[in-house]
Amino acid sequence: MKVLVVYWHPEPKSFNGAMFNQAVSALEAAGHEVKTSDLHAMDFNPVSGRHNFQTVRDPEFFKQQLEEMYASDHDSFVPELETEIQKVEWCDLLIFQFPLWWFSMPAVMKGWVERVFAMGRTYGGGRFYDNGVFKGKKAMLSLTMGGGEDIYVKGGWNGDLEGILRPIHRGILEFNGFEVLEPFSVFGPARMSQEQRVSELERYSARLQNVFAEQGIVVGDY
């Protein structure tokens, strides 16, 4: 199968970096074809604007969705975006690897979503949710939290992790047609011993061995 791993962390030697490398190695060892988008290494620009496009629909007023639709009709996304869009179209499984920052994706990764998931190309025209463009593809979040698992539950200090992730699961992934898999979560890796971190990486590798046999979770409505 074909897997795209989109990853961002400002420190390549971080535990997120180790998880990214572990995923690539484990998936390739299992016989899958893997492509990656290391957004920090790519110095990916997360800010949208007219620089997303090689064409101009309306020079007087910029509305991103209309320009995306026009670019979709005229094959005129700039090469750096066209490359990323084609990676998503190519893959059977999309994995996002990131640290949970302010209860969401870090800004660069969110900017990647905002630029790459383009109206007319990845959604729109009645193609949403169960009829989404990427129906038949799977997606999974792999992420780290700064605190322990006990504070990411209902009634906990930060609240239910499932609820925290729902805007990503529902508003990005299901919206575009993906089947959402159970996230892979690591709580407080900075507070772990080296042996515990190695154990978490091994647990991740084992999970990925049979990831394509997994069924999607029930994300739920708001």
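Of the contacts (heavy atoms within 4.5 Å) in the protein chain with a separation of 6 or more, 75% come from residues 24 or more positions apart. This is a predicted model, where local features need pLDDT of at least 70 and side-chain atom pairs count only at pLDDT 80 or more, while totals for chains, interfaces and linings use all residues. Residues are numbered from 1 along each chain as its sequence is written, and side-chain values use heavy atoms, with hydrogens and water left out.

On to the overall build. The protein chain has 7 helices and 6 strands, taken as DSSP runs numbered from the N terminus (helices are H or I with at least four residues, strands are E with at least two). Reading from the N terminus, the order is β-α-β-α-α-α-β-α-β-α-β-β-α. The C-alpha trace spans about 55 × 40 × 30 Å along its principal axes.

As for the surface, the protein chain exposes about 10,800 Å², with carbon and sulfur atoms supplying 51% of it. Areas like this come from the Shrake-Rupley method with a 1.4 Å probe, and for residues only the protein chains shown count as cover. Buried residues make up 50% of the 222, where buried means under 20% relative accessible area, exposed over 50%, and partly exposed in between (1.4 Å probe, protein chains only).

Now for the charged pairs. How many salt bridges are there? The count is 11, with a salt bridge being a side-chain nitrogen of Lys or Arg within 4 Å of a carboxyl oxygen of Asp or Glu. Three of them are set out here.

| Pair | N to O distance |
|---|---|
| Arg 121 and Glu 89 | 2.6 Å |
| Lys 110 and Glu 114 | 2.6 Å |
| Glu 214 and Arg 207 | 2.5 Å |

Take Arg 121 and Glu 89. Arg 121 sits in the loop between α5 (107-116) and β4 (138-145) and Glu 89 in helix α4 (residues 79-90), so their bridge ties together parts that are 32 residues apart in sequence. Arg 121 is buried at 15% relative accessibility, whereas Glu 89 is partly exposed at 31%. Both also belong to a salt-bridge network that takes in Glu 82.

Helix α4 itself has 12 residues and reaches 16 Å from its first C-alpha to its last, close to the 16 Å expected (1.5 Å times one less than the number of residues). Its buried residues include Leu 81, Glu 82, Ile 85, Val 88 and Trp 90. What do the buried residues of α4 pack against? They meet β1 (2-7), β2 (33-38), α2 (39-42) and α5.

Lys 110 and Glu 114 both lie in helix α5, 4 residues apart, about one turn of the helix. An α-helix has 3.6 residues a turn, so residues three or four places apart point the same way. Lys 110 is partly exposed at 33%, and so is Glu 114 at 38%.

That leaves Glu 214, in the segment after α7 (194-209). Leaving aside neighbours within four places in sequence, Glu 214 is in contact with Lys 138, Glu 179, Leu 181 and Arg 207.
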